[in-house]
Amino acid sequence: MRDRIVTLLPLLLASVLGALVYLLNQFSVVELGGRRPSPLAVDMVASGAMVVRLNERGMPLSRIQAKDFQHIPKDDTMLFTAPVLYHSPPGQPLLTVVGEKARAVHKGDEVFFTGQVLLTRAAAPGGAELRVRSSEIWVDTKNERARSSQPVVADQGPHHAEAVGFVADHRQETLELLSQVRMTYVPTARAALGGIPAR
């Protein structure tokens, strides 16, 4: 019996030691890995950043350049300082938006600009450049729309408008002013004639 205990004792001690090492390892993993980063905490910071979105064919569709960039995991949120958005769908005029700050969500599909914001749509053939200024402008690059509920000033060629709120459709090249509209419209020579033939 004594020989059996002497033979089994090292095996028993090795088993107990192995169990203790295993438990210590498990507790240390729980202690170190127990704190997970918050999805609202910034997980990436960059200076002089540029974010490019591609279309389904892999061609550049839009890009945002900014002085500073931060990324937050929740909703894949990107925060920009001094951002400039260039949106150039094939066959459509270039859309440029400049602001003081911007927040992009849904992989850059939607960008919310704040501060002094200027939206510019390049002139279409036979048209004039459109410039819209506001303190807030929301741009949906996926559906190619822009909107604001704040006071806006819009200029296109000789035409000038002031309003509260707007909705712009980039595909249709339309601008809808929502309320308190004041406008200066300069008709073309043909419109001024009212369809009356010149003598």
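Is Arg145 buried, exposed or partly exposed? In this predicted model, Arg145 is partly exposed, with a relative accessible area of 42%. The side chain of Arg145 meets that of Asp169 in a salt bridge, with 3.3 Å from N to O. Arg145 belongs to strand β9 and Asp169 to strand β10, so the pair ties together parts that are 24 residues apart in sequence. Asp169 has a relative accessibility of 12% and counts as buried, because the cut-off for that class is under 20%.

The overall composition of the chain is as follows. The protein chain contains two helices and eleven strands. Read from the N terminus, the order of the elements is α-β-β-β-β-β-β-β-β-β-β-β-α. The chain has 199 residues, of which 28% count as buried. It exposes about 13,500 Å², and carbon and sulfur atoms supply 59% of that area. Among contacts with a separation of 6 or more, 36% are accounted for by residues 24 or more positions apart.

The mean pLDDT of the protein chain is 81, and 75% of the residues reach 70 or more. Strand β8, residues 130–140, has the highest confidence, at 96, whereas helix α2, residues 189–193, has the lowest, at a mean of 41. Over residues 189–199 pLDDT stays under 50, and the model has two contacts beyond four places in sequence for this stretch. Residues 29–33 also stay under 50, with one contact beyond four places in sequence.

Strands β1 (residues 44–54) and β2 (residues 60–72) run antiparallel and are joined by ten bridges. Within this pairing, Val52 has Arg63 in β2 as its bridge partner. The two strands form a hairpin with five residues between them. In the turn, Gly58 has a positive phi of about 85°.

The largest nonpolar core comprises 25 residues, and Phe80, Phe113 and Val139 touch the most other members. At least two residues of this core come from each of β2, β3 (77–81), β5 (95–98), β6 (101–105), β7 (110–121), β8, β9 (145–156) and β10 (159–169). In soluble globular proteins, nonpolar side chains tend to be buried together. Apart from residues up to four places away in sequence, Phe80 touches Val51, Ile64, Ala66, Asp68, Phe69, Glu100, Lys101, Ala102 and Ala104.

Six salt bridges are present in the structure. Side chains of opposite charge can pair when their charged atoms come close. Besides the pair of Asp169 and Arg145, the salt bridges include one between Arg133 and Asp155, whose closest N and O atoms are 3.5 Å apart. Arg133 is located in strand β8 and Asp155 in strand β9, so this pair ties together parts that are 22 residues apart in sequence. Both partners are partly exposed: Arg133 has a relative accessibility of 36%, and Asp155 has one of 22%. Another salt bridge links Arg131 to Glu129, with 3.6 Å between the closest N and O atoms. Arg131 is partly exposed at 28% relative accessibility, and Glu129 is likewise partly exposed, with a relative accessible area of 36%.

Two further positions were examined for their surroundings. Arg103 is placed in strand β6 and counts as partly exposed at 34% relative accessibility. Leaving out residues up to four places away in sequence, Arg103 touches Thr77, Met78, Leu79, Glu110, Val111, Phe112 and Trp138. The C-alpha atoms of Arg103 and Thr114 are 8.7 Å apart in space, and these residues are eleven apart in sequence. Asp75 is found in the loop between β2 and β3 and is partly exposed, with a relative accessibility of 47%. Beyond its neighbours within four places in sequence, Asp75 is in contact with Val105 and His106. From Asp75 to Lys107 the C-alpha to C-alpha distance is 8.3 Å, at a separation of 32 residues in sequence.

How values were computed:
Residues numbered from 1 in each chain as written. Predicted model: local features only at pLDDT ≥ 70, side-chain atom pairs only at ≥ 80, totals over all residues. Heavy atoms only, no water. Pairing = 2+ DSSP bridges. Helix = DSSP H or I, 4+ residues; strand = E, 2+ residues; numbered from the N terminus. pLDDT = per-residue confidence, 0-100. Contact = heavy atoms within 4.5 Å. Core = buried A, V, L, I, M, F, W, Y, C linked by side-chain atoms within 4.5 Å. Buried < 20%, exposed > 50% of the residue type's maximum accessible area, 1.4 Å probe, protein only. Salt bridge = Lys/Arg side-chain N within 4 Å of Asp/Glu carboxyl O. Areas by Shrake-Rupley, 256 points an atom, 1.4 Å probe, with all protein chains shown as cover.
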